[in-house]
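Welcome! Please take a look at the sequence and the 3D structure below before you read on.

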Amino acid sequence: MPRISSVEELKALREQARRELQVRLGTGTRITVGLGTCGIAAGARETMQAILEELERRGIEATVNTVGCIGMCYNEPLVDIEQAGMPRITYGRITADKVPRLIEEHLIKGQVVAEWVVGRMAQEANNGPKS
Amino acid sequence: MPLRQAASRMRELSLHLLDLLENACEAGATEIRVHLEENTGQDTLELVVVDNGPGLPQGANEQAFDPFFTSRRTRHVGLGLPLVKQLVEQVGGSISLESEPGRTEVRLRVPRSHWDLPPLGDIPASLLAVLLREGAPRLIYDHVVDGRRFHFDTADLGAQLAGLPPAHASAAVRLREYLRAGIASLYTSRSSTADESK
């Protein structure tokens, strides 16, 4: 990390971070929750609710969608996060208690939570059919 | 997930309802009607889900309750029906399935206060989960408790959401609160039904 040597540099850095945060939190964010029987039984509906509540609490504008069985039943509840300019990330076993950290790290800090990732799709592949 | 494990985790009737609704969506239904009626005097709870999907293949109605049966080429049937049948039988209720092209009806009737009947649970969350699907079907929900009625139709959504699509997080939260208030009113006051006139 570069060393900050003046208040002006600090202000500039803060402004840059603020702009980056705005981009990440723009309406380009889409979160998808799998709600097949496997997902429902694993608590995906509660995960969906926790996501909505966390987004509301933090004032984050995002679209939340549900889909049927995604196909990795053993990793339910599954949550997909898509953001403009970033690869689509699929997280597995996202129970409701994990949602605050997921939102904090992925959406606020822009950092993928590597230990929960079960799939990753490059940005250019996002426009194709879902597997 | 094993069937027994899945069944043990479906701790609310609303989760079974969600599963039935998801099945209807996967089948391609564009309109789903849900009628939930509770009668405390007769101690009954009746749930009817009707969708306009393509229906099951002819003669497959009985097989639909078999967890190892699927007709995915024409209609996706998950574990929803086997699980709900298991529950209904456990509490001495009845369940029926009628299906033809353009109309599938699942109807179950159970003793409302049976010890082993799970609670209704979070019905608004289950309805919301369906409304958050991309290309969500029209959902018409009627809930009756001892004659008091709450009616909800996604065709009337505009006013509740102030123009935002349901999938938008803040709109979804608003919609869920609207549903919660409407359903809660059925249990609290005879005069405060959300839409008694319909």
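Here is a short briefing, grouped by topic.

This is a predicted model, in which local features need pLDDT of at least 70, side-chain atom pairs count only at pLDDT 80 or more, and totals for chains, interfaces and linings use all residues. Residues are numbered from 1 along each chain as its sequence is written, chains are lettered from A and ligands numbered from 1 in the order in which they are written, and side-chain values use heavy atoms, with hydrogens and water left out.

**Chain A as a whole**

- Chain A has four helices and five strands; helices (H or I, at least four residues) and strands (E, at least two) are DSSP runs, numbered from the N terminus.
- Read from the N terminus, its elements follow the pattern α-β-α-α-β-β-β-α-β.
- Of its 131 residues, 47% count as buried, where buried means under 20% relative accessible area, exposed means over 50%, and partly exposed is in between (1.4 Å probe, protein chains only).
- Among contacts (heavy atoms within 4.5 Å) between residues of chain A at least 6 apart in sequence, 66% join residues at least 24 apart.
- Chain A exposes about 6800 Å², and carbon and sulfur atoms supply 53% of that area; accessible areas come from the Shrake-Rupley method with a 1.4 Å probe, and for residues only the protein chains shown count as cover.

**An enclosed strand in chain A**

- Strand β1(A) covers residues 30–34, and five of the five are buried, so the strand is largely enclosed by the rest of the structure.
- In a regular strand the side chains alternate between the two faces of the sheet.
- Both faces of β1(A) are covered, with Arg30(A), Thr32(A) and Gly34(A) buried on one side and Ile31(A) and Val33(A) buried on the other.
- β1(A) pairs with β2(A) (residues 63–67) in the parallel sense over five bridges; two strands pair if DSSP finds at least two bridges between them.
- The bridge partner of Arg30(A) in β2(A) is Thr63(A).
- β1(A) also pairs with β3(A) (residues 79–82), this time in the antiparallel sense over four bridges, and Val33(A) stands opposite Val79(A) there.

**The sheet of chain B and its helices**

- Chain B holds an open sheet of six strands with mixed pairing, in the order β3-β4-β2-β1-β5-β6.
- β3(B) (94–100) and β6(B) (148–153) stand at the edges with a single partner strand each, so one side of each is left without a neighbour in the sheet.
- Neighbouring strands of this sheet are turned by 5° against each other on average, direction ignored. Axes here are lines fitted to C-alpha atoms, for helices over the stretch in contact, and angles run from 0 to 180 degrees between N-to-C directions.
- Helix α2(B) (residues 13–26) lies across β1, β2, β4 and β5 of chain B, and runs at about 15° to β2(B).
- Helix α4(B) (residues 123–131) lies across β1, β5 and β6 of chain B, and runs at about 170° to β5(B).

**Follow one residue: Asp142(B)**

- β5(B) (residues 138–145) pairs with β6(B) in the antiparallel sense over six bridges, and Asp142(B) stands opposite His151(B) in β6(B).
- Asp142(B) forms a salt bridge with Arg149(B), their closest N and O atoms being 2.8 Å apart; a salt bridge is a side-chain nitrogen of Lys or Arg within 4 Å of a carboxyl oxygen of Asp or Glu.
- Asp142(B) counts as buried at 11% relative accessibility, whereas Arg149(B) counts as partly exposed at 23%.

**Other salt bridges**

- A search of the whole structure finds 27 salt bridges over all chains.
- Glu54(A) and Arg58(A) form one, with the closest N and O atoms 3.0 Å apart.
- Both of these residues lie in helix α3(A) (residues 44–58), four residues apart, about one turn of the helix.
- An α-helix has 3.6 residues a turn, so residues three or four places apart point the same way.
- Arg180(B) and Asp122(B) form another, with the closest N and O atoms 3.4 Å apart. This pair links distant parts of the chain, 58 residues apart: Arg180(B) is in helix α6(B) (residues 169–188) and Asp122(B) is in the loop between β4 and α4 of chain B.
- Glu53(A), Asp122(B), Arg176(B), Glu177(B) and Arg180(B) are linked in a network of salt bridges.
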